[in-house]
Amino acid sequence: MTAKSRVRSMRDLLVFESDRKLVLACDSVGGIGARPGDTFAAGEKDTAYFAARVPLLEVLCAGAQPLMLVDTLCQDIDSAATVIEEFRAIAAEAGINAEGVTGSTEDNVETSVTGIGVVVIGEIMEELLSGGANSGDLIVCVGWPRSAPADRLYKEHPDVVPISAIRTLLRSGLLTDALPVGSKGLEWEVEQLSQSAGLSAIWIDNQPIPVRKSGGPSSCVLLSFAPENEKELHLMIDSSIPWTRVATLEAR
């Protein structure tokens, strides 16, 4: 098998199949931060947190253990100290050892605008979770769609589901799929989750959640599981985190 044939895409991931099954996710941020030329003002820690959060959740929700976080920063290493510190903190929250965090800074040319790229590499220890939902499963949204500039986002925002909560739910072994909600909104992501499993989503009536609003930096995550496991799963996380039933899955 050639190297080319061993690489395939699954939603927002690249999956590399060899003796070890690796997944890769990435994200970028530009013009958002605390630098003088930024278009949208935000704290350095919050900018770094949300930049890394998206690919970390994509890897975790695939059922993988994140191994490495690589950041590329368009600023010098001295001015990037706070950003790098936050990358190390969120990597640790996702289970990455300190040795698994590396990156590069721009130390040759003076810059005035925030530019961040983040790549996360993880390993599937058992089976890829993505696309594993079953007919009859319930889809729940944990967290609430929030996105700047419409919303003021910060690390401890009560509607932003913590990475630690998602890790707890994933470790339960009760989830059949998990998918972070991004800028295309919950409606788009529900269809992605159902289609990747070859199923149809049946929306629950009278939704309180805005299904077309951007989830921004994955402020919320979709989970699928057998309905009888809902109570057990919900009790695993803080009751203050939004938990909304959005759809059920059935065969086409």
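**Entry 1**

I began with N206, which is exposed, with a relative accessible area of 77%. I note that the model is predicted. N206 sits in the loop between strand 11 and strand 12. I read its phi as near 55 degrees, a positive value in a residue other than glycine.

I then looked up S218, which is found in the loop between strand 11 and strand 12. Its phi is near 55 degrees, again positive in a residue that is not glycine. Is S218 buried or exposed? At 2% relative accessibility, S218 counts as buried, because the cut-off for buried is under 20%. N206 is exposed because its 77% is over the 50% cut-off.

**Entry 2: P149**

I checked the peptide bond from A148 to P149. That bond is cis, with omega near 5 degrees. P149 belongs to the loop between strand 9 and helix 3.

**Entry 3: helix 4**

Next I took helix 4, residues 185-196. Helix 4 has twelve residues. From first C-alpha to last it reaches 17 Å, close to the 16 Å expected at 1.5 Å a residue. Which residues of helix 4 are buried? I listed G185, L186, E189, V190, L193 and S194. The cover over these buried residues includes strand 9 (138-142), strand 10 (175-180), strand 11 (199-203), strand 12 (221-225) and strand 13 (243-251). Just after helix 4, G198 takes a positive phi of about 70 degrees.

V190 is buried, with a relative accessible area of 0%. Leaving aside neighbours within four places in sequence, I found V190 in contact with I139, A201, W203, L222, V246 and A247. I also looked up V190 and V211. They are 21 residues apart in sequence and 9.3 Å apart in space, C-alpha to C-alpha.

**Entry 4: T244**

I moved to T244, in strand 13. T244 is buried at a relative accessible area of 9%. What does T244 contact, leaving aside its neighbours within four places in sequence? I found I139, V140, C141, W144, Q207, P208 and I209.

**Entry 5: L174**

L174 is in the loop between helix 3 (163-171) and strand 10. Beyond its neighbours within four places in sequence, L174 is in contact with F225, N229, E232, L233 and M236. I also looked up L174 and L22, which are 152 residues apart in sequence and 22 Å apart in space, C-alpha to C-alpha.

**Entry 6: helix 1 with helix 2**

I turned to helix packing. Helix 1 (residues 44-61) and helix 2 (residues 81-93) pack at an angle of about 40 degrees, their axes 8 Å apart. That makes helix 1 oblique to helix 2. The crossing is right-handed. On the helix 1 side, I listed E44, K45, A48, Y49, A51, A52, R53 and L56. Helix 2 brings T82, V83, E86, F87, I90 and E93. The contact residues divide into eight nonpolar, one polar and five charged.

**Entry 7: helix 1 with helix 3**

How do helix 1 and helix 3 cross? Their axes come within 11 Å and cross at roughly 5 degrees. I therefore recorded helix 1 as roughly parallel to helix 3. Helix 1 makes the contact through R53, L56, L57, L60 and C61. Helix 3 uses I163, I166, R167 and L170. By class, I noted seven nonpolar, no polar and two charged residues in this contact. R53 and L56 of helix 1 are listed in the contact with helix 2 and also in the contact with helix 3.

Conventions. Residues numbered from 1 in each chain as written. Predicted model: local features only at pLDDT ≥ 70, side-chain atom pairs only at ≥ 80, totals over all residues. Heavy atoms only, no water. Helix = DSSP H or I, 4+ residues; strand = E, 2+ residues; numbered from the N terminus. Expected span 1.5 Å × (residues − 1). Buried < 20%, exposed > 50% of the residue type's maximum accessible area, 1.4 Å probe, protein only. Contact = heavy atoms within 4.5 Å. Axes fitted to C-alpha atoms, helices over the stretch in contact; angles between N-to-C directions. Parallel < 35°, antiparallel > 145°, perpendicular 65-115°, else oblique. Left-handed = near helix turned anticlockwise from the far one by under 90°. Nonpolar A, V, L, I, M, F, W, Y, C, P; charged D, E, K, R; others polar.
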